[in-house]
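Please look over this note before our next discussion.

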Amino acid sequence: MDWLRDALRRPMVKSLNRFAFIRLNNDTHSRITVRVQKLAENDQKRLLAEWDRQTLLHQSGRFDQLLDWGRKHLQDVALSERPFSSLYDELRVRIAVSFGGNGRFQLVLGDLSGIQSYLFAVAHIGEGGVAKRLRSRSFHLSLLAKTAAFYILDSLELSYRHLIMTAGGVFMLAVREEDQLEPILKDMDQYLYTRYHGSLQLHLATQRVSVDQLDAVSNIIGSLHNLIQRSKMQPANQVLKLNNEERWDDSIWLHDRQSGSYCVSCRRHPVREDVPDETLCAYCSQDEQNGMALPQSQAMWIGRNLSNGAPNHAIPCKHAGVLWDRYDVWLLRDAKQLPELMRQAGYWERWVDDPCDLSGISTACWMNKAYVSNYIPQEDGVPVHFEGLAGMSVGKKMLGIFKADVDRLGLLLSYGLRSDQGDFSFAEYLKASRQLEEFFGERLTVHLSDKFPHLYTVFSGGDDMFLIGPWSELPDLAVWMRREFEQFVEGNPEVTLSASLLFVPPRAPIATFAREADRRLEQAKEQANPFRPAGDQGGRNQVAICGITVEWSDLPTIWERAKQWAEWVRAGVCSSQFILRLLELWELRETYVRDGKIDGLRYNALLNYAIRRTEKTPIRDELREERRNLLAWAESLRRFPNDEAARDWYLMPAVYRLFAAYRAKEGDS
């Protein structure tokens with residue numbers, strides 16, 4: 001490996017580590033400049049050969065060490081013929097598709113659907129136990145997709161090295177050309193239908209590929225995603241029909257309801273009759289226990305046949321349940337240690353970023369490093385529940401919900417990566433997917449706890465995130481998040497983010513408001529605000545807040561104006577009645593703008609009257625300048641027609657809502 005050390009000593013210019021999407025709205029192929037250090041051709045061949053010589057992953061720790069080395073040092077090194085790819089991703093692809101023979105294999109895309117509906121199918125936000133179960137369910141669902149990939153590979157007696165990627169309920173792997181997936185999928189569908197009552201479904205799409213096609217995979221990736229969408233049109237199709245008949249079999253899809261009490265949280269499974277005063281089923285009870293253990297955990301281990309044989313208790317660990325009736329999940333307090341029994345096989349994932357040298361640990365299991373959104377706000381070492389988070393708000397004690405995701409991701413990954421020759425390589429596709437996962441996983445996980453310590457991360461990974469916290473911290477979070485994302489994509493106007501902000505009572509039903517946050521996010525994606533530039537009337541790259549959809553640049557204006565109003569009222573620059581009058585005049589003006597009623601134009605004269613009355617109100621000398629600023633702005637609202645005034649009127653209900661919440665007195669609910 002001397003040549004590898006020599007390669008590291010050469011001057012290396014790190015890439016911008018950003019997407020290189022071409023613009024989609026014109027014919028110019030302008031890319032973000034990406035500077036990379038290219039390896040010599042001989043060095044490329046040596047490294048790829050070293051990679052390909054590795055044995056099955058669960059039989060060789062050497063492969064893990066090489067993969068870890070590649071992750072640290074080769075992410076910003078490109079092959080000369082692919083300057084926008086990463087040598088690390090090229091190597092991952094090479095090893096994943098190495099089956100020998102004729103160089104052909106099957107590329108498999110898996111998608112676990114129904115995740116969010118299952119995640120939020122819990123009772124009320126305000127109950128402390130719900131916070132634990134919500135945290136645990138999010139973790140559980142991320143593991144379910146990952147172990148689904150393990151299930152397929154284990155069933156085919158393949159190594160985990162053939163797992164190419166997993167993020168946000170989606171995974172991709174490579175299997176042999178002759179492997180049959182239908183029997184495996186049928187067994188997995190049956191498990192999901194029995195365990196989750198049909199709320200979760202696994203969809204698989206396969207495409208036969210040759211190694212020679214890996215440099216041009218746009219059509220392959222597009223075909224896989226189209227097959228997934230078709231599969232989603234017929235969920236659990238194999239389970240609900242008997243012997244491939246056209247009609248559902250009633251004996252399969254109708255579940256027998258057992259006697260006795262049912263879980264107060266999920267309402268799907270019975271509680272344990274042998275436990276007095278039990279209100280939760282075994283699954284929700286396990287969720288609650290895992291929710292308490294996750295914040296103190298630094299790693300996890302996934303393997304088989306350990307639930308009945310506990311590992312060495314000298315190393316703190318907790319059994320977190322069984323997935324697919326075969327995989328035991330253990331949470332570990334210390335990422336530097338692994339019980340002896342776990343070292344024989346399995347999957348070991350570390351969640352901490354420390355300089356610990358693990359090369360001396362003798363283990364046959366697969367080691368991996370990842371970031372898990374397991375941060376929760378704490379006070380004196382005790383987790384703060386949702387009602388406590390609402391109590392941290394300024395003014396009205398409410399919770400804020402923030403939901404965001406990347407716009408048109410499928411289109412971007414299918415077309416935005418295309419080169420001047422009209423295609424992209426598999427490694428380039430993986431790099432874009434990996435960088436998105438790193439942004440929503442690693443980057444946000446690391447910074448959120450420092451910058452916004454009161455925010456509770458329900459999930460953050462793949463291409464989206466869902467946060468809950470004190471309502472008054474959400475606007476600042478949203479502004480910061482947008483700025484971080486713009487820096488991440490280097491200001492590329494074709495890679496955008498949409499979001500929704502929702503403010504709810506602390507004991508609100510989370511399932512209801514999670515759906516509402518999702519509905520408003522779709523509104524931001526589909527409905528353009530009325531002030532979009534001419535020729536750009538589509539949705540996306542917007543924020544939905546307080547019933548309206550606005551540009552990202554409007555969000556700081558709304559928040560700062562709401563706080564400014566509150567300060568003006570507090571200091572005596574104007575009265576709260578004047579602010580309320582502005583909202584009433586907005587409603588009157590809307591009757592003209594929205595409904596065409598001429599009577600609505602009276603708002604202008606009534607606003608003039610309100611301004612003149614405020615001018616005559618006595619005020620301290622030191623506040624006269626602030627009064628003039630307020631009235632000058634109010635006077636600008638009388639201009640008609642005027643785009644700037646029209647925008648201020650459009651933002652009025654959102655500003656007033658935040659103003660009223662911000663200045664609410666102590667004890668208001």
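1. Start with the rings. Tyr118, Tyr151, Tyr191, Tyr196 and Trp324 form a cluster, linked by ring pairs. Keep in mind that this is a predicted model. The count of aromatic pairs comes to 30.

2. Now a pair inside a helix. A pair of aromatic rings is described by the distance of the centres and the angle of the planes. Phe485 and Phe488 form a tilted pair, with 6.2 Å centre to centre and 45 degrees between the planes. Both residues lie in helix α15. They are three residues apart, about one turn of the helix.

3. The cut-off for buried is under 20%.

4. The ring centres of Tyr603 and Trp649 are 5.4 Å apart, and their planes stand at 85 degrees. Planes over 60 degrees apart count as edge-to-face, so this pair is edge-to-face. Tyr603 belongs to helix α19, residues 603-616. Trp649 belongs to helix α21, residues 643-662.

5. On the α18 side, the contact is made by Phe578, Arg581, Leu582, Leu585, Leu588 and Arg589. On the α19 side are Tyr603, Leu606, Leu607, Ala610, Ile611 and Thr614. By class, the contact has nine nonpolar, one polar and two charged residues.

6. Helix α14 (residues 426-451) packs against α15 (residues 474-488) at an angle of about 140 degrees. Their axes are 12 Å apart. How are the two helices oriented to each other? The angle of about 140 degrees falls between the range for roughly perpendicular, 65 to 115, and the one for roughly antiparallel, over 145. The helices are therefore oblique to each other. The crossing of α14 past α15 is right-handed.

7. Which residues meet there? From α14 come Gln435, Leu436, Phe439, Phe440, Arg443, Leu444, His447, Leu448 and Lys451. From α15 come Leu477, Trp480, Met481, Glu484, Phe485, Gln487 and Phe488. By class, this contact has ten nonpolar, three polar and three charged residues. Phe485 and Phe488, the tilted pair, both take part in the contact.

8. Leu294 sits in the loop between α11 (282-293) and β7 (299-303). Leu294 counts as buried because its relative accessibility is 2%. Leu294 and Arg135 are 159 residues apart along the chain. Their C-alpha atoms are separated by 8.3 Å.

9. Finally, step back to the whole protein. The model has 21 helices and 19 strands. The protein has 669 residues, and 54% of them count as buried. Take the contacts between residues at least 6 apart in sequence: 68% of them join residues at least 24 apart.

Methods: Residues numbered from 1 in each chain as written. Predicted model: local features only at pLDDT ≥ 70, side-chain atom pairs only at ≥ 80, totals over all residues. Heavy atoms only, no water. Axes fitted to C-alpha atoms, helices over the stretch in contact; angles between N-to-C directions. Helix = DSSP H or I, 4+ residues; strand = E, 2+ residues; numbered from the N terminus. Parallel < 35°, antiparallel > 145°, perpendicular 65-115°, else oblique. Left-handed = near helix turned anticlockwise from the far one by under 90°. Contact = heavy atoms within 4.5 Å. Nonpolar A, V, L, I, M, F, W, Y, C, P; charged D, E, K, R; others polar. Phe/Tyr/Trp six-rings, centres within 6.5 Å; stacked < 30°, edge-to-face > 60°. Buried < 20%, exposed > 50% of the residue type's maximum accessible area, 1.4 Å probe, protein only.
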